[in-house]
Every structure is written in structure tokens, then in C-alpha cells.
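Colleague: I have a few questions about this model. Could you take me through it, please?

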Amino acid sequence: MTIENTSISKIDTKEDIIKIDENHNFQLPIICDVDTLRVLIKKEEVRVVDVRKTEEYKQEHIPSAVSLPLSQLLEKDTPYAIIDILQNLGVSDKMPVVIYDDTLGALAARVAWSFQYVGHENTALLEVTFTHWKNVGLETETKINSFPTKRHSLNINPRIHADASYVEVAKEQPNKILVDSRERLNFLTEHIPNAKNIPYTMLGSNGSILRRPEEIKRYVENRGIPLDAEVIAYCGSVGTLSGLTYFALKSAGMKNVRLYSKSFREWKSLGKPKEEFKDANYWDLSAD
Amino acid sequence: MQLNNNVKTAGNSNPIQKGISRPKPNPKWGREEEGEIFAQNVKRFRQKKLSEDDFRRFRLQHGAYSSRLQMNYSMVRIKVPSGEISPEQLEKIASLSEAFSIGSAHVSTRQNIQLHWVQLEDVSEVMTGLVEAGLTTREACGNTVRNVMCSHFAGVCPDEKFDSTPYAKAIARFFIRNPMCQNLPRKFKINFACCSNHGLARIADIGLIPEIKDETRGFKIYLGGGLGAASFIGHLLEDFTPENKILPTCMATIRLFDRHGNRENMARNRMRYLVHEMGWEKFQKLVIKERSIVEMTTASYTTKLFNVKAEEEMTPLPKAANTKLVKLPMLNERVTLESPAYERWLHSNVVPQKQDGYFTVFVTLAAGDIAANQLRILADAIREFSTEGTARNTPQQNLAIRYIKSDDLHDFYNRIASIGLANPGALTIASAVGCSGTTSCNLAITNSHRLAKEVEYKFLELGLDTDDDLRDSTIKISGCPNSCGQHEIATIGFFGGASRIGTTMAPTYTMLFGGSAGEQSELGKAIMRVPAKRVIDTIRKIIEIYKQERSDSETLNQWINKIVRGDGTGKIRNIENMKAMLTPVIQLLPEEQDPELYRDYGNGVKFSAKTAKGECAA
């Protein structure tokens with residue numbers, strides 16, 4: 001367990017490694033580890049975004065974090081509204097942004113994907129949840145943070161987004177693969193035709209929101225999905241769990257990943273075709 | 001309640017501290033490379049470099065069955081030799097079930113733990129994960145020696161001659177991956193009992209019951225038993241088989257089966273058919289003869305691979321808890337539906353061990369299912385409260401946690417109650433057994449799994465677990481005639497089928513009476529067909545009739561056996577009288593009058609009796 005071994009003093013050695021250029025634009029990896037975030041916080045070179053509920057944020061959060069509950073973003077989920085959010089959080093075009101939650105990283109992933117979609121590429125997920133951060137004894141604060149508004153340009157990245165009509169065509173194309181992030185029993189019940197199932201439960205492990213990239217890569221390759229294929233991830237409702245899949249696949253080295261952010265809920269409401277499996281009573285095996 | 005007043009601990013002499021038991025040494029049933037080889041073969045199969053038949057044989061040999069009408073998913077069967085499973089193993093199963101299965105695990109009637117609906121591509125991941133915890137799926141399916149069972153009371157049973165657990169594990173270790181049993185005519189089952197009352201020695205290919213003769217350890221060995229479409233009770237090989245002849249006896253039996261077993265007719269290739277067709281006396285002579293050949297020809301190197309000592313507990317378990325006066329909790333008291341939940345649980349889930357002051361506690365699982373989060377909390381509770389520090393899974397699809405001190409029973413109860421694992425009724429009629437049925441099995445016709453759960457919920461709601469007259473009766477349900485639910489050894493057993501009424505099909509069960517386990521095991525007699533949705537009503541009706549008809553202190557089980565023998569007194573004398581009484585309950589009305597009878601449990605859609613080819617005999 002790498003995270004538990006994080007010693008508080010290790011941050012000093014990390015400080016030398018993290019090079020920040022004169023433009024203050026440290027380029028984040030897909031997943032930001034705990035030490036890197038702590039160095040960036042210390043140097044005031046990062047915007048930390050807490051996407052839990054407002055009340056949870058008010059109780060306690062990671063130092064310097066600002067609050068952006070996922071529900072606020074989803075209320076008006078348009079590129080312009082998201083740019084507004086970025087500006088109000090004091091995020092300029094190249095500023096490193098690290099996002100965390102307390103829900104497997106899925107809520108953070110949905111917000112991070114939205115930021116990347118409107119053009120804020122330098123966005124990463126924190127590798128652990130808030131509970132884990134606290135449990136290993138890392139610093140928190142209760143101060144409500146706000147920062148002066150910054151200007152942020154809009155630069156939509158259409159290559160990471162899919163809507164229903166895109167999915168409808170893609171599902172029949174051999175080089176495009178739909179990945180359903182829901183749990184196995186939901187997937188068996190019904191899914192978009194030809195989708196493959198990588199339940200979100202496969203992605204995290206031992207307190208880390210994502211397993212090691214080589215493990216994710218193995219799961220993908222075992223399923224016969226070429227690493228250079230285009231993948232479209234979806235889940236049950238608003239693209240949270242599939243948002244996590246989006247980052248998992250990116251971390252495994254897949255370049256061409258899209259999120260169907262409106263996911264299966266929209267697909268069903270539009271009356272689009274579904275694959276169903278009714279020949280077994282698998283739900284009766286569940287002990288929940 | 002009297003419990004606390006009757007249990008006095010000796011406070012003066014060093015009370016044993018409850019604490020976290022140390023992790024058990026890794027039993028190393030698994031092998032790392034097997035996961036990798038499995039992954040490679042899945043790829044070769046997908047690339048059509050491995051034929052479907054070859055791949056199926058390979059897959060089964062490694063413990064993965066194809067899921068119901070879905071070739072791309074597997075049921076992964078984890079072997080638990082002797083049923084002994086550690087907290088670390090339970091935790092590993094919890095994580096694997098969450099990541100790759102459906103978030104819960106299923107305890108089978110042969111002490112395996114099954115993970116259902118695992119994507120074929122992920123089976124290797126499960127296998128690799130299991131190896132870390134010392135577990136394996138190797139030879140859990142296929143034509144090999146399957147999981148070696150052992151009575152969950154072995155080591156704590158007041159009636160046992162000695163603990164058979166290390167023998168069961170040593171036999172399992174000897175035969176797993178052993179070249180002599182990689183391609184038998186059919187699967188092969190070995191069951192160890194603890195005494196003549198417990199265990200399933202008479203319904204296995206080889207069943208062994210501990211015995212001591214002239215101060216020598218040994219076993220009574222039964223051969224050729226087994227349940228299935230046609231079932232047989234095993235035959236006693238000889239009065240006493242000393243322990244130095246256990247391995248040669250098992251080897252001789254397997255060799256004979258390998259040589260003479262039917263490899264053509266898949267429906268009749270279990271060893272019990274060979275014994276039946278050849279005749280027991282002839283088979284018995286052959287075994288004795290073959291055994292002397294084995295004894296003469298087996299290298300001492302081979303013989304040493306059967307190492308009972310190596311399977312014994314490293315740290316000896318305490319003989320008695322540090323307590324003076326211990327009264328059996330609630331066993332002799334009456335409880336009712338109104339009794340406090342803890343007392344009701346004590347009464348039906350806790351039994352004393354031969355070690356004074358220690359108790360075995362049963363965790364009631366509905367048809368054997370347990371969720372990942374429950375497994376984790378339970379694992380912690382086992383570490384903290386069981387001096388033995390492990391659990392045993394039971395053929396009744398429950399978990400037995402042993403070596404709990406009387407003082408700790410309430411704390412243990414509170415702990416498992418917090419996660420919904422403290423249902424009463426584990427040792428009563430309420431704890432119905434149900435195979436996986438149409439939830440995952442290709443052969444199933446009915447949803448026996450859900451029916452068993454429905455029986456349990458209903459009986460607990462009615463408080464039938466508190467009725468001591470029903471306590472020694474059992475309900476066991478299979479979804480087809482193949483007996484995975486062990487319906488033939490139940491007081492009241494059921495196996496699933498379909499009945500045609502005109503052009504429509506209805507899910508029905510054939511009901512059997514009077515089966516039993518143990519050394520005096522008997523097979524149940526088929527009585528009549530019951531619509532799936534009338535099974536619960538039918539059992540309740542039988543109980544009602546029994547209450548009117550029984551004499552004095554006769555239990556339901558005793559009364560049913562009497563009816564089966566035709567020795568009844570009063571209105572119900574025999575099976576025919578019983579059938580007449582039950583006919584109104586089991587009537588299959590036309591669909592328009594009672595459409596519910598044409599739907600199985602757990603499914604809104606119309607019943608269709610869809611099955612695919614089984615893989616048991618691949």
C-alpha cells in the first residue's frame with residue numbers, strides 16, 4: 001500500500017522533484033498523488049476543488065480547497081456555465097486543478113471531465129478520497145476559501161464527449177467500443193447493444209480511487225479491447241461512475257476515450273434499443 | 001433469562017483474554033501460474049486457437065462453470081477443503097466478489113464458495129487473487145476429485161472419536177493436481193464425517209467416519225454413495241480401516257473407477273452406477289484386492305505425500321475455557337416468537353462443544369448468500385471472538401464459527417447483528433437449503449434458490465424456528481433432479497420440474513419425504529408434485545396435519561418417517577392418506593383461474609423451462 005507509507009516528511013524530497021516553471025504551470029498527471037498535491041498546496045500553485053456536499057466541505061476539507069458540489073455543476077451543465085464556474089473559482093487557463101470527493105472518485109471524475117471538456121486540460125483527480133486523506137492523518141482545515149475571479153477561455157474538446165446520436169452510430173462500428181461502468185447485475189438486466197462491461201467496482205483498490213495502470217490495462221486487453229480503440233464510457237445516470245472509467249482508461253494509456261455523460265438514463269428515456277437478458281434470475285443471488 | 005446467572009466465569013485464575021487471533025499460515029492450495037495459464041487459454045479460445053471442447057475441459061478443471069445460457073460468464077467455484085476458511089480468505093473473497101462478481105458470495109452444499117456471473121475474461125484475475133489468500137478453484141469442477149468435505153463439527157463434536165479435519169485436508173492435498181485423477185470417467189467426491197450423526201459419509205463416492213479399534217485410529221469407510229438423478233447410499237467396505245490403509249483404500253477405489261467406470265454414457269458414469277451394476281460384493285472384493293496391489297507397488301515417496309501431521313493445527317487449541325459452571329445457552333429452555341431476539345438466536349444457532357465452555361455459533365445465510373461487506377465484518381468478528389480463528393462453511397449453506405466462549409456470545413451476537421447476520425433458525429427447519437437454480441445454473445428448471453429464501457423468510461416470520469418439535473426437520477430444494485440441493489436427504493425435499501397443462505407450462509416441484517443424513521442416511525421417497533407457488537403452503541399444511549395427528553412428544557421428522565413406513569396411527573397412516581389430505585393445496589388450476597401458478601419466483605415473465613446442456617459431465 002503506497003499511500004499508507006506516505007510519510008509526512010517525504011514531502012521535502014518531493015519538493016525538489018516538482019519543478020514549476022516561471023509561468024507557474026506545473027503539468028499534472030492524470031492522477032495526482034498525495035505528496036504532489038501537498039507540495040503544490042504548500043507552494044500555492046494549485047486550485048484544489050472539493051466536490052462533496054457544501055455541508056461536508058464546511059465541516060472540514062483539504063487546505064486551500066474551494067467548494068463545488070457536483071449538484072451545482074449538473075444544475076447547468078453547459079460549456080458556458082462551466083467556464084463561469086472555473087472563472088469564479090479563480091482558475092486561469094493553465095492552472096493545475098486537483099479534484100477530490102468522498103465517493104470513490106466518481107463525483108470528482110465527472111467534474112474533472114467537464115473541466116477538460118471545456119478546455120481546462122490541466123485537471124487531475126486526487127488519488128484518494130477525502131476519508132482516506134483524513135485517515136492517514138493528513139492536514140485539513142475548516143476555513144471557507146475563495147479566490148479572485150480569473151479569466152478562462154472556452155476551448156471545447158469534442159473528442160472526449162459523446163451524445164446519444166453519436167453512441168447510436170458507434171455501437172455498430174467495430175473500431176468503437178462501448179464500455180458500461182455499472183455493476184454486473186444492472187448490466188445483465190439491460191445495456192446498450194454491443195457494450196462491454198467494466199464495472200466501476202473493478203477500478204479502485206486499497207483506498208486508492210484507481211488501481212495501478214498496468215492492472216487496468218490488463219483488464220482492458222483481456223476483454224479484447226485494443227489500446228488504440230476508441231472507447232465510449234457510460235453508466236446509469238449522469239456520467240459519474242463512467243467518469244471514473246474515463247480517467248481509468250486514460251491512465252491505462254488509452255488515448256481515445258469519450259464519455260457519454262447523459263448515459264443510460266437518457267438512452268432509456270429516448271427509447272433507444274437495449275440488449276436484455278431475461279433467461280436467468282440472477283438478482284436472487286444477491287445477499288443485499 | 002437465566003443465561004447470565006448460570007454462566008459463571010472463574011475470575012480468580014487468569015481469565016483467557018479475548019483478542020485478535022493471529023493470521024493462519026497460508027494453506028497454499030493455489031498456484032500462481034494457474035491464473036496466468038487460464039488467462040492465456042481464454043485468449044487462445046477467443047482467437048479460436050483452442051477448440052470449444054478442449055477449452056471447456058480446461059475451464060472446468062480450473063473451477064469455472066459456464067453461467068446460465070451465457071457462455072461469456074462463469075460461476076467460479078472456490079474449493080474450501082474440509083470447509084475451513086480463515087478471516088483473511090473471507091476478506092479476499094469479499095474484495096473479489098465486489099470487483100469481479102456480483103458483490104456477494106454463495107456457500108454451496110459441498111462446502112465450496114461460489115462467485116457467480118464473473119466475466120470469463122476476469123476469471124484469471126479471481127484465480128490470481130485467491131492464490132494470495134491460499135485458495136484455489138483447481139479441480140472444483142470437472143472429472144476429478146472435487147472438494148473434500150469434512151463435518152463442520154469435526155474437532156468439537158462431543159461424539160467424535162478424533163478430529164478428522166487433518167485427514168480430510170491431507171487427502172485433499174494428496175489428490176489435487178495428482179496425475180492419477182485428472183481424467184476420471186466422472187467427478188469423484190470424498191466426504192469425512194466426525195461421528196455417526198453428523199456429516200455426509202453415505203452420499204459420497206468415498207465416505208469416512210472416524211473410529212478407534214484397539215487404540216488404533218481408523219475409519220469406517222463407505223463406498224459408492226451419491227445423490228443425483230438416481231441416488232444410492234454408500235456400502236460399508238469393512239468394519240474398520242486403520243489409518244495406514246486410508247490412502248491405499250482411496251487410491252484403489254479411484255483406480256478401479258478410472259479403469260472400469262463408464263466413459264460412454266454420461267448419464268450413468270458416476271462410480272455409484274459402477275458399484276450398482278457390478279454388484280457390491282464384487283466391487284468390494286475388487287477394492288480389497290486392488291488395495292493390496294497399491295500397497296505393494298506404491299513408492300514410499302508417494303505414500304509420504306499423504307501427510308496428516310502436516311495438516312494438523314500448529315498451535316494446539318484449548319481443551320476447555322477458563323470457566324467453571326456453564327449451562328448450555330437456551331438449548332433446554334423454550335423460546336417463543338415473543339422472546340428477545342438474542343435468546344431466540346441462542347436457542348437455534350448455538351451449540352456446546354466437547355470443550356467445556358466453548359460454543360459453536362451458526363451464521364444463518366439465506367440459501368448460502370453473503371454480501372461482501374458482511375464477509376468483512378464477520379472476518380473481524382472471527383478474529384476477535386473465535387479462539388480457533390477460522391470459520392467452517394456447512395452443507396446447510398451456513399457458516400459455523402467455533403470456539404466462542406460463553407462470555408463472548410452476546411458480544412459476538414451484537415457484532416453480527418449490526419450487519420444483518422444474526423437471523424435465528426440456522427439449526428432448525430427454517431434454514432432451507434437451495435441450490436443456485438435458475439439464478440445461474442444451465443440445468444435448472446426452477447428458481448430453487450429464491451424459493452429456499454422465501455421458505456426461510458416465511459418460517460422465521462412465523463417463528464417456526466422456535467418450535468422444538470420441528471427442529472430436527474430439514475427442507476432442501478434443488479432446481480432440477482440433479483440433487484445439488486441435496487433434496488433426497490431432507491425430511492421434506494423438493495426438486496424442480498415443469499408440468500404441462502394443455503399448452504402451458506407451470507413450474508412445479510416433486511416433493512419427497514423422509515430423507516436423512518449421517519451414518520444411518522436414508523433417501524427420501526417421492527410423494528407428489530407441488531406447484532412452485534404452493535410449496536410453502538404445502539409445508540405449512542403438513543405441519544398443521546402433524547400437529548393434529550402426532551402422538552405425544554413425536555417430532556415432525558419422526559412422524560413423517562412413520563408415515564413413510566406406513567406406520568401412522570389415526571387419520572393419516574401412510575403416504576396415500578397424506579396425499580389425499582394435501583390434494584386440495586397442490587391443485588394446479590387452469591391458468592385463467594390462477595395465473596400466479598404459472599410464474600416462478602423472482603420472475604415477472606411467463607415460465608418456460610429453458611435449459612442448456614450441463615457441463616457436469618464434460
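Predicted model: local features only at pLDDT ≥ 70, side-chain atom pairs only at ≥ 80, totals over all residues.

Modeller: Residues are numbered from 1 along each chain as its sequence is written, while chains are lettered from A and ligands numbered from 1 in the order in which they are written.

Colleague: How many residues of chain A are in contact with chain B, and how many of chain B with chain A?

Modeller: Contact requires C-beta atoms, placed from the backbone, to lie within 7 Å. By that rule the counts are 22 residues of chain A and 32 residues of chain B.

Colleague: Which helix gives the largest share of the side of chain A that touches chain B?

Modeller: Helices are DSSP runs of H or I with at least four residues, strands are runs of E with at least two, and both are numbered from the N terminus. The largest share is 3 residues, and they come from helix α9 (residues 184-189) of chain A.

Colleague: Is A:S67 buried or exposed?

Modeller: A:S67 sits in strand β3 (residues 66-67) of chain A. Buried means 20 or more other C-beta atoms within 10 Å of a residue's own, exposed means 12 or fewer, and partly exposed lies in between, with C-beta atoms placed from the backbone. A:S67 has 20 C-beta neighbours inside 10 Å, so A:S67 counts as buried.

Colleague: Which residues does A:S67 touch, not counting those up to four places away in sequence?

Modeller: A:D50 is 17 residues away in sequence but 4.9 Å away in space, C-alpha to C-alpha. The residues touched are A:D50, A:T54 and A:Y57.

Colleague: How are α6(A) and α11(A) oriented to each other?

Modeller: Helix α6 (residues 106-117) and helix α11 (residues 241-251) of chain A pack with axes 7 Å apart, at an angle of about 70 degrees. Angles of 65 to 115 degrees count as roughly perpendicular, under 35 as roughly parallel, over 145 as roughly antiparallel, and the rest as oblique. The two helices, α6(A) and α11(A), are therefore roughly perpendicular.

Colleague: How many residues of helix α6 (residues 165-175) of chain B are buried?

Modeller: The buried residues of α6(B) include B:Y167, B:K169 and B:F174. Among the elements covering the buried residues of α6(B) are β8 (190-192) and α7 (246-260) of chain B. Helix α6 of chain B is mostly covered, and the buried count is 11 of its 11 residues.

How values were computed: Contact = placed C-beta atoms within 7 Å. Axes fitted to C-alpha atoms, helices over the stretch in contact; angles between N-to-C directions.
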